[in-house]
Amino acid sequence: ETTEAGRREGERLRRVIQDNTNKLKEFDESIGNFSRNVGNYGSAVERVKGSFKELVKSIGPAALATAGITAGLSALGGALGGIEETNKELTRTGQLTGQTGKELEGTTARAKAIAKTFDKDFNDVLIASNNLSKQFGISLDESFQLVENGFIRGADANDEFLENLKEYPVQFKNAGFSAQEFIRATTVQAQQGIFGDKFLDAIKEAGLSLRELTKAQQDALTGAFGQDFTQKFINDINSGALDTKDALLLIANEANRAGLNMQQTQTLVADIFKGAGEDAGGLEEIFRLLTLT
């Protein structure tokens, strides 16, 4: 449940992100305009840098120091470095997303703003957000919004949020989760102090197991819930009437109703969730986290 203090902090961070986005977008647009006007941006920057070198050579370091120009040139050199970095970011974004013009500049600024606000690497933010967008079939704007929400709500408490966004979206999409539910799952995992990515990994393993439904998985279900439940469950999975998410919720409800003994519970964890299920805290803990997602 969100506290009033948490809500205020979330609003503050959203304002910081928006402010950073606006400032960085303005800067990126000015660089993009310059790049389009001169034709070859990289060559233009190199020509400017070359002219500085020639200026220093012709005047001489001693005369520059006397005239107080050295500090100014140093500052200009730093500014050029920033411009070069932004150009690399624009290029990287264009290569990854296929965007151009204002759209490219806006996306680059948004990724930079998130990276700046939460002290993350620009490329990591861009790749993770783009992967979330592609795998779930949502726009980059929607993806950035979800990434921002994840950061604000504590999904990076274990410093693995962006890595999880690179690895798990396709598994959760295949399991029937929405992008919003996936972000909630990563947030719940971090908030509940689950070690590493074990909850996400348990859901991934369950998705693979329930799509395969080998004899081991069928026997585990039959041993826990009986033949009638298991046969209907298999039919619904095979027909597409049940996706992994709904199948897990059905198993959770049936497990709660049936009152499984320890052996039945351990067999279900071992054959459906594999080792990741044990690492995540066992059947009851997985189902508890799932209800929070």
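How many aromatic pairs does a search of the whole structure find? The search finds eight, where the rings of Phe, Tyr and Trp (its six-membered ring) pair if their centres lie within 6.5 Å, and planes under 30 degrees apart count as stacked, over 60 as edge-to-face and the rest as tilted. The model is predicted, so that local features need pLDDT of at least 70 and side-chain atom pairs count only at pLDDT 80 or more, while totals for chains, interfaces and linings use all residues. Residues are numbered from 1 along each chain as its sequence is written, and side-chain values use heavy atoms, with hydrogens and water left out.

One of the aromatic pairs is formed by Phe151 and Phe161, whose ring centres are 5.1 Å apart and whose planes stand at 90 degrees, so the pair is edge-to-face. Phe151 belongs to helix α7 (residues 140-152) and Phe161 to helix α8 (residues 161-167), so parts 10 residues apart in sequence are tied together. Helices are DSSP runs (H or I, at least four residues), numbered from the N terminus. Both Phe151 and Phe161 are buried, that is, under 20% relative accessible area, with exposed meaning over 50% and partly exposed in between (1.4 Å probe, protein chains only).

Helix α5 (residues 101-118) packs against helix α6 (residues 122-136) at an angle of about 120 degrees, the axes being 8 Å apart. Axes are lines fitted to C-alpha atoms, for helices over the stretch in contact, and angles run from 0 to 180 degrees between N-to-C directions. The contact (heavy atoms within 4.5 Å) involves Thr107, Thr108, Ala111, Lys112, Ile114 and Ala115 of α5, together with Phe122, Val125 and Leu126 of α6.

Side chains of opposite charge can pair when their charged atoms come close. With a salt bridge defined as a side-chain nitrogen of Lys or Arg within 4 Å of a carboxyl oxygen of Asp or Glu, the count comes to 15. Among them, Asp124 and Lys166 meet at 3.0 Å, N to O, linking helix α6 with helix α8 across 42 residues. At 27% relative accessibility, Asp124 counts as partly exposed, and Lys166 likewise counts as partly exposed at 27%.

A further salt bridge joins Lys245 and Glu181, with the closest N and O atoms 3.2 Å apart. Lys245 lies in helix α14 (residues 244-258) and Glu181 in helix α10 (residues 179-191), so the pair ties together parts 64 residues apart in sequence. Lys245 counts as buried at 17% relative accessibility, and Glu181 counts as buried at 16%.

Terms used: Helices (H or I, at least four residues) and strands (E, at least two) are DSSP runs, numbered from the N terminus.
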